[in-house]
Amino acid sequence: MTQTPIERAAAATPPAIVTRVKGISDRTLAWIFVAPTIFLLLAINIFPLIWTIRLSLTNYRANRTNAEVEWVGLRNYERILTDGDIWHSMQATAHFLIWTIVLQVLIGFTLAYLINKKFKGNDLWTTIIVLPMMLSPAVVGNFWTFLYQPQIGLFNYVVSFFSGVDPSSFSMIGSVNLAPWAIVIVDTWMWTPFVMLICLAGLRSIPDYIYEAAAIDRASPWRQFWTITVPMVLPFLMLAVLFRGIENFKMFDMVTLLTGGGPGSTTELTSITLKREAFEKWRTGYSSAYAIILFVTVFGLASIYVKALNKVKER
Amino acid sequence: MTRFLNGLLRLRRGPWEMLASILIALGVVMLMQPLFLWAYTWSFLVTLTGTVMFIVVSHFPE
Amino acid sequence: MSDFSVIAATPRQKWIAGSLVVLYAVITILPLVWIVATGFKSPADAIAYPPKVVFEPTLEGYVNLFTTRSRATPETLETLGPPDSWYDRIVRQYGMVISGPSRYGERFLNSVIIGFGSTFLSVFLGTLAAYAFSRFKVPLKDDLLFFILSTRMMPPIAVAIPIFLMFRTLGLSDTHLGMILLYTAVNISLSVWLLKGFIDEIPREYEEAALIDGYTRFQAFRKVVLPQAATGIASTAIFCLIFAWNEYAFAVLLTSGTAQTAPPFIPTIIGVGKDWPAVAAGTTLFLIPVMVFTIMLRKHLLRGITFGAVRK
């Protein structure tokens, strides 16, 4: 083996001194820095995921560990994808998803548009509006049950004050017709500021000279709004919609505490059904297959989200 | 439109990602629509195809 | 801005916009104000119809939140003598005696321990990874970053099944360590993405100058980059803390006693007695830290909620 003098010197020097002299190479340092994160995610996210896929092909039940586990192939998937109840819970999710997004986009965009008029004190009021967004969804769901109480609740009182309906005559969370709207209202209350903040960033990213040029061309404010403001904010809005869509598709905490999926199964969103199958009926194999279906859907939407994210980043 | 088809033929990232996104979106709509049970049954396969496709095509050149 | 500006809103427009926004802000803050107020009501006032706006404030809700009480017969009450503290006096009005502390304090403390533990870990690991992603050539960088982000998007209930089994096998269920590790794994994606954004903004020239001065790469990272990124690290930490503080799904499925955090506990306060003031008191104490943090964070809020994509 032929060695250059430098290599021989390097081999003879104790490693501690080498690192002190040269420092660790960037490549090694990069790996040392990234490895713990990747390892943690592999252990707590990817390994469980692979385990879920395995479980989804069996009839395992977590409460009967001694029972023999049978390999059932894709039968769990087949059963879920032809099950009318689960299809129904998907529709409940769709109702929740569509209405929260529509309301949040309308209100959020309007608010952002108004705040962008830069009136005095807009920072203070923005901060106040943003507060609900950061709170614990579970605790929010819990205290809204108090506001929704038929006789004593603030919500019912305010509604009756403006409409004259007897406040004890309706129960937002007890009635089959109203419960789906009860969860939409709370989610809108909580997350409109999120859409608002993103729209505001979009509005602020539009350079003034575009409007100045449009004014010189004598474009009407209405036309300016539709040809400048809306298209420029659209990528931001896309981001907000996708993110809220993903979050609400997997919504669990707020709705569980507010309605628990009831009355009947009118507000039983996918995650609530999943929890029931997995941790109350203990059909682990079956619910694992369900979890994989939800996961693939979220993962697909997340890929689109990251694409939208990069698009906004380029701005 | 011709540019889109051209991009598909030459395995460019943009149009393929668009196609995959459309598949995923279609899958999600099929999953949650209230009209046809058969669409619900096949939704998972559509979403899965779209997602796998997205992962693959995001490595195509720009 | 000149008076002839075509883009600035007229005073009239500003006034209309301002009053609409203020109206919305008042409506949106009303439920929160109501909950805080209910915490200071007596149980009778809390369920009064029409809802009471003016009431005599009392600390009953807070006393009930922190204590467990038992009913005592008039005779035993007499043998006890006069109440020796203000909270004793409140409880005695209802013919009750305090029999011990409630679980709320413990659960709150658990939230603090798990919150801070997981925040420290995820920010520590996140800073290292973010620096590597920002400055070095990491193979498959984009894929790794996407992989890290996608772990955040997973529905918690979907991963909860195997994690439940895994924790049961490893003896981690209902332990602080288990919850800290779990929340770290959830938060680390946010931490890496946010911090990468912050570190990207620090000019490379500073480190390069330090390297020429004879610093090693690691020293340059520690002595040049870290101080520069301090604000970013602090706001990332607050975001992680808020998440761990608010989390419910994992907490309710994986903890039941020793390591249970406040969110799964608060809904159980209500009990059979429908003690709304105590629930409101527990809610208020739990929400106040987050509100303070939100106000502190307002400049970085947008970054935090979009994983650092929108920087304003």
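Chain B averages a pLDDT of 88, with 100% of its residues scoring at least 70, where pLDDT is the predictor's confidence in each residue, from 0 to 100. Among the elements of chain B, helix H3 has the highest mean pLDDT, 92, while helix H1 (residues 2-9) has the lowest, 80; helices here are DSSP runs of H or I of at least four residues, and strands are runs of E of at least two, numbered from the N terminus. The whole structure is a predicted model, in which local features need pLDDT of at least 70 and side-chain atom pairs count only at pLDDT 80 or more, whereas totals for chains, interfaces and linings use all residues. Residues are numbered from 1 along each chain as its sequence is written, and chains are lettered from A, with ligands numbered from 1, in the order in which they are written.

UniProt, in an unreviewed entry, annotates residues 16-36 and 42-60 of chain B as "transmembrane region"; such positions are given in the numbering used here, feature names are shortened, and annotations may be inferred rather than shown by experiment. In the model, residues 16-36 of chain B are 81% helix and 0% strand, with end C-alpha atoms 28 Å apart. Residues 42-60 of chain B are 84% helix and 0% strand, and their end C-alpha atoms are also 28 Å apart.

How does chain B meet the other chains? Chain B places 17 residues in contact with 16 residues of chain A, two residues being in contact if their C-beta atoms, placed from the backbone, lie within 7 Å. On the side of chain B that touches chain A, helix H2 (13-32) and helix H3 (37-57) each supply at least two residues, and the largest share, nine residues, comes from H3 of chain B. That side divides into 10 nonpolar, six polar and one charged residues, where Ala, Val, Leu, Ile, Met, Phe, Trp, Tyr, Cys and Pro count as nonpolar, Asp, Glu, Lys and Arg as charged, and the others, Gly among them, as polar. Chain B and chain C do not touch, and their nearest C-alpha atoms are 9 Å apart.

Of the two pairs of chains that touch, chains A and C have the most contacts. Here 81 residues of chain C are in contact with 82 residues of chain A, and helix H1 (residues 11-38) of chain C gives the most to the chain C side, with 15 residues. By class, this side of chain C has 66 nonpolar, 11 polar and four charged residues.

Chain A is divided into domain 1 (13-55) and domain 2 (83-314), with bounds that come from an automatic or database domain assignment, and the C-alpha centres of these two domains of chain A lie 38 Å apart. For residues 90-305 of chain A, UniProt lists "domain: ABC transmembrane type-1" in an unreviewed entry; this span is 74% helix and 0% strand, and its end C-alpha atoms lie 21 Å apart. The unreviewed UniProt entry also places "transmembrane region" at several spans of chain A, including residues 127-147 and 178-203. Residues 127-147 of chain A are 71% helix and 0% strand, with their end C-alpha atoms 23 Å apart, whereas residues 178-203 of chain A are 96% helix and 0% strand, with their end C-alpha atoms 35 Å apart.

Chain C is likewise divided, into domain 1 (59-102) and domain 2 (105-305), and the C-alpha centres of these domains of chain C lie 40 Å apart. Seven residues of domain 1 of chain C are in contact with eight residues of domain 2 of chain C, and helix H3 (residues 60-66) of chain C gives the most to the domain 1 side, with six residues. Among the spans of chain C that UniProt marks as "transmembrane region" in an unreviewed entry are residues 144-165 and 276-297. Residues 144-165 of chain C are 91% helix and 0% strand, with end C-alpha atoms 27 Å apart, while residues 276-297 of chain C are 100% helix and 0% strand, with end C-alpha atoms 31 Å apart.

The last topic is the largest nonpolar core, which has 188 residues, and in which A:Leu197, A:Ile198 and A:Val298 touch the most other members. The largest share of this core, 18 residues, comes from helix H14 (residues 284-314) of chain A. A nonpolar core is a set of buried Ala, Val, Leu, Ile, Met, Phe, Trp, Tyr and Cys residues joined through C-beta atoms within 7 Å, and a residue is buried if 20 or more other C-beta atoms lie within 10 Å of its own, exposed if 12 or fewer, and partly exposed in between, with C-beta atoms placed from the backbone. Not counting residues up to four places away in sequence, A:Val298 touches A:Ile246, A:Phe249 and A:Lys250, together with C:Met153, C:Met154 and C:Pro155.
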